[in-house]
Protein chains: 2
Amino acid sequence: MKRWTLEDIGKLAGVSRSTVSRVINDQPHTSPAVRQRVEQVIRETGYQPNSAARSLASSQSRILGLVMPSILQSAFADPYYALIIQAISHACNQHDYTPSLFLFQSADEEAKMSQRLVGSGLIDGLIVTADTIDSQFVQMIQPYDIPFVQIGRPLRESAAFISYVDVDNEAGAYLAASHLIQQGYRRIGQLATLHNTAGHDRDAGFRRALLDRGLPIDESLIALSSFSEASGYQAMETLLHQEPDAVFAQSDAIALGAIRAIRDHDLRVPEDIAVVGFDDMPLAASASPPLTTVRQPIARTGKLAVESLLDIVQTSPQPARHIVLPVELVIRASSGAVS
Amino acid sequence: MKRWTLEDIGKLAGVSRSTVSRVINDQPHTSPAVRQRVEQVIRETGYQPNSAARSLASSQSRILGLVMPSILQSAFADPYYALIIQAISHACNQHDYTPSLFLFQSADEEAKMSQRLVGSGLIDGLIVTADTIDSQFVQMIQPYDIPFVQIGRPLRESAAFISYVDVDNEAGAYLAASHLIQQGYRRIGQLATLHNTAGHDRDAGFRRALLDRGLPIDESLIALSSFSEASGYQAMETLLHQEPDAVFAQSDAIALGAIRAIRDHDLRVPEDIAVVGFDDMPLAASASPPLTTVRQPIARTGKLAVESLLDIVQTSPQPARHIVLPVELVIRASSGAVS
DNA sequence: ATTGTGATTGGGAGCGCTCCCAGTCACTGG
DNA sequence: CCAGTGACTGGGAGCGCTCCCAATCACAAT
């Protein structure tokens, strides 16, 4: 299978390299007749432009980097990442961009790779799921003027200069907690992760809901967890000593772990303890009992991250944009509201 | 931050473009003194070779494609994929390659993208997690002589000409079933997925174990599932009617779903029904009860896939290589062998 | 018929690298 | 002392595209 070049195609179609290029790039100034002939030849030959040559000449690679810094290592198994990766991949496909993956296993690897990442022109832009460590990684890439957007609000004050896409974690947690309060629960616990801004914001929303309804905030009812099922299980076991009548888990994985812990201690959900999660993962609907949770639009998040990034890549520098997507409460059996 | 070129660096170090190139690519025929001076300048300037130019001149992109065809869509949330992606990413980092992700949402997208994928020279090689649909995708890319390896044995007879890395699914299932038999269970069910070769091989191992011990194979004790927790739950509910005393689930996710179903029906694991899974996902150890399962070396699978692929990329055509990794049975409480 | 206008078209000049060959240099052996 | 031998080094010639400008052409206006 021969490797065709623009010149070859031009020769076959009886036109010049330039004209073929115009046809391929959908540029104006080509007569319909010529265009058609060229397209015909391209179809017949199965010609594909060489991407290296394109990149070199245009200094655009049409590759986007998807960066997940080292901290996430353990949490990476959370289906959230699978979904966000899927969404980003799909958006890239649609825009004829290629997503490349950069998972760092250690700070060293992170430092070494990020140099190469931004200096070599390999990628046109970066999507960073940063969380806690944005400080390091983002600061490292700042000097290079490479376009990037974060998924999730950055922790640092530099946030104003950084474009990001996030969901309204605070409002979501507020909804979740309010719902529990409305159901009549009073000793409402929280399984919190303060590792990242999502965790902080959810914590803030939780507290605001309690305050709004005049409930006291009992710190002993807040147990720390990380974003995993196993960790949720452990945190819930601790929390059980405080005898909560309901619990807001900062993610569905945590909630599932909590439910397992509750049941292992011969208590029932929601009769003894109601549970609300966050994320609305596919598993939430089919859990036992079906999980009341805050649905966040993961697919939209990924899509918007790609599209914002492309906007920045394709136009000149522009002010940072901050997108915050709404969330909604999905009420199922685990919070006692439906039988 | 200036974009340096080889020529710039050469000028600064008082040598030619070619010499700098030799230093960067670790080629011989450069005096230590010169080499050192050049390296010094590179360090000071933070020079990074332009990858587009490199690719164009060398016709090597140092990018590897990771392809997950459309069928997997739904199953993608299985932590297996997160782990394999992590392993591949890590191996790529180590070898200075960049992994790019190609997830196809539909057969159309698959067809359209795969053209671009193999024709444009964007990638040096492909890792395909193919399963059922290998027939289509692999056949599509065969004509282009692009190097690729599959993860998981191909279904088709063309298997002999395709390089792959797989785990010994048959032996694993055999171990699992034998273990149950040895524990004294007799009505042993299976939650099977026949979607891919892994499923077929596990089924084969399961049957061989029963035959070897002189147990009858009762088809009504085999329920079909796909690779998800929810699906495992449903399949187990069906299987419950047959009153098995033990069940082999073809994946941990399925096993977890099965356990949930069993408990929802007020039965106990392992007292009423013993459960064995497959994969040894992180969750398996911390499940309730901890899950007896077949551990497969996912990280090694990914690493070997990358390394086999690089072997093919970097050397001339060679016979297809078939790697089958061993698995081991990890005995925990869910099979009744330990309290 | 002549000039002007805008839409098309062709080709030169790179993009920054690798590959290859020819040239340079210091030594060696005859 | 000179050809012969290596180890180095420099620079030409692309890789296959995009970008830009000059050239061409058809057609309308003068």
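Let's start with A:Ser120, which sits in the loop between α6 (107-119) and β3 (125-128) of chain A. Helices (H or I, at least four residues) and strands (E, at least two) are DSSP runs, numbered from the N terminus. A:Ser120 is partly exposed, with 18 other C-beta atoms within 10 Å (buried takes 20 or more, exposed 12 or fewer, and partly exposed is in between, with C-beta atoms placed from the backbone). Leaving out residues up to four places away in sequence, A:Ser120 touches B:Gln48, B:Pro49, B:Asn50 and B:Ser51; contact means C-beta atoms within 7 Å.

A quick word on the source: this is a predicted model, where local features need pLDDT of at least 70 and side-chain atom pairs count only at pLDDT 80 or more, while totals for chains, interfaces and linings use all residues. Residues are numbered from 1 along each chain as its sequence is written, with chains lettered from A and ligands numbered from 1 in the order in which they are written.

Next up is DNA strand D, with 26 residues around it (near means a C-beta atom within 6 Å). A:Leu6, A:Ser21, A:Ala53, A:Ala57 and B:Ser18 come nearest. The helix α4(A) gives the most to this surface, five residues. Here is the surface by class:

| Class | Residues near DNA strand D |
|---|---|
| nonpolar | ten residues |
| polar | twelve residues |

Ala, Val, Leu, Ile, Met, Phe, Trp, Tyr, Cys and Pro count as nonpolar, Asp, Glu, Lys and Arg as charged, and the others, Gly among them, as polar.

Key:
Two residues are in contact if their C-beta atoms, placed from the backbone, lie within 7 Å.
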